[in-house]
Amino acid sequence: MPLSEYTVEGVHACLCGILSDAVEGGFLNHNPAWRTYKYSSKKKEKLVADEETVQKIITALENESLKYETYFKLIIATGMRRDECCGLKWSDIDYERKSIHIQRNVVKITGEDIIVKDTKTAAGDRYVYFSPEVESLLKEYYRECVWQADAYEDRQLAADDFVFRKLDSQDPMTPSTFTWRFKLILKKNGLPKKLNVHSLRHSNASLFDRKWSGRGDGGGAPGPQPAFHDAGYLHPRLRQNKKAAREALQRGLDIGEGENCVRLHTSPASPLLNRNLLR
């Protein structure tokens, strides 16, 4: 798979900086990187799944193993990054507050050991909130993990264990494993192959923005902004809508209720994907 334009530009900028220092230090007469790459100046369009496609993905996930179903539905429901989801531990989940503390991510470079480190940015250390339906899914998956730890490893599942852990190992699963699995799910179910796991994160922000901006094109808050997290991490437009969301909740309204809402399960009586937008 070819590198994205953004990645190539980043590597080229890094090389230019290094070689420019060499020129200034007298080690080179000129910077050869200046003439090796031309910036396209084209803005790459973000891959975003619409509500109908998201619903089809959710339907497809219900035919997968509980592990993969839980992983991908968590990303759809909370907007967290794939490496952040891999870095979750059971101790990060607070069922009483219906929150998840995102505070680490997982990186795997070919030929090297798995690296577990802090979040991508300081603002990335945050809380996301989940609905009762997501809580039910997490508890069901937890019971399966408890059984696997007892049956295959002869031990009890610990609070410090990673939620998505390699079998017979204390290491977390890597993001690339879920990337590969997601491509298989798309292909098997006839879904758009251009989508990727990060598309679910973009879709999360787009769907939330349509619900609260009154626009049908998802053209409100730009960028991959998770819909359900603390105020410090919200895009300005989403922060403005937080007060309205809280007031609606206090009045006992079911936010987003309607025929077009995205649902976690596909049965007609199924509850909302995430009814508790804000705590």
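1. A residue is called buried when its relative accessible area is under 20%, exposed when it is over 50%, and partly exposed in between (1.4 Å probe, protein chains only). Thr174 is buried because its relative accessible area is 7%. Thr174 belongs to the loop between H5 and H6; helices (H or I, at least four residues) and strands (E, at least two) are DSSP runs, numbered from the N terminus. Leaving aside neighbours within four places in sequence, Thr174 is in contact (heavy atoms within 4.5 Å) with Cys86, Lys108 and Ile114.

2. The model is predicted: local features need pLDDT of at least 70, side-chain atom pairs count only at pLDDT 80 or more, and totals for chains, interfaces and linings use all residues. Residues are numbered from 1 along each chain as its sequence is written, and side-chain values use heavy atoms, with hydrogens and water left out.

3. An open sheet is formed by three strands in the order S1-S2-S5, with antiparallel pairing; two strands pair if DSSP finds at least two bridges between them. Strands S1 (93-94) and S5 (126-129) are at the edges with a single partner strand each, so one side of each has no neighbour in the sheet.

4. S1 pairs with S2 (residues 99-102) over two bridges, and Asp94 stands opposite Ser99 in S2. These two strands make a hairpin with four residues between them, and Lys98 in the turn has a positive phi of about 55°.

5. S2 and S5 are joined by four bridges, and Ile100 stands opposite Val128 in S5. From S2, Ser99 and His101 point one way, while Ile100 and Ile102 point the other way; all are buried.

6. A nonpolar core is a set of buried Ala, Val, Leu, Ile, Met, Phe, Trp, Tyr and Cys residues joined through side-chain atoms within 4.5 Å. The largest such core has 44 residues, of which Phe72, Ile100 and Phe164 touch the most other members. Elements that each supply at least two residues of this core include S2, helix H2 (51-61) and helix H5 (132-153). H3 gives the most, with eight residues.

7. Leaving aside neighbours within four places in sequence, the contacts of Phe164 include Lys67, Tyr71, Leu74, Tyr141 and Phe178.
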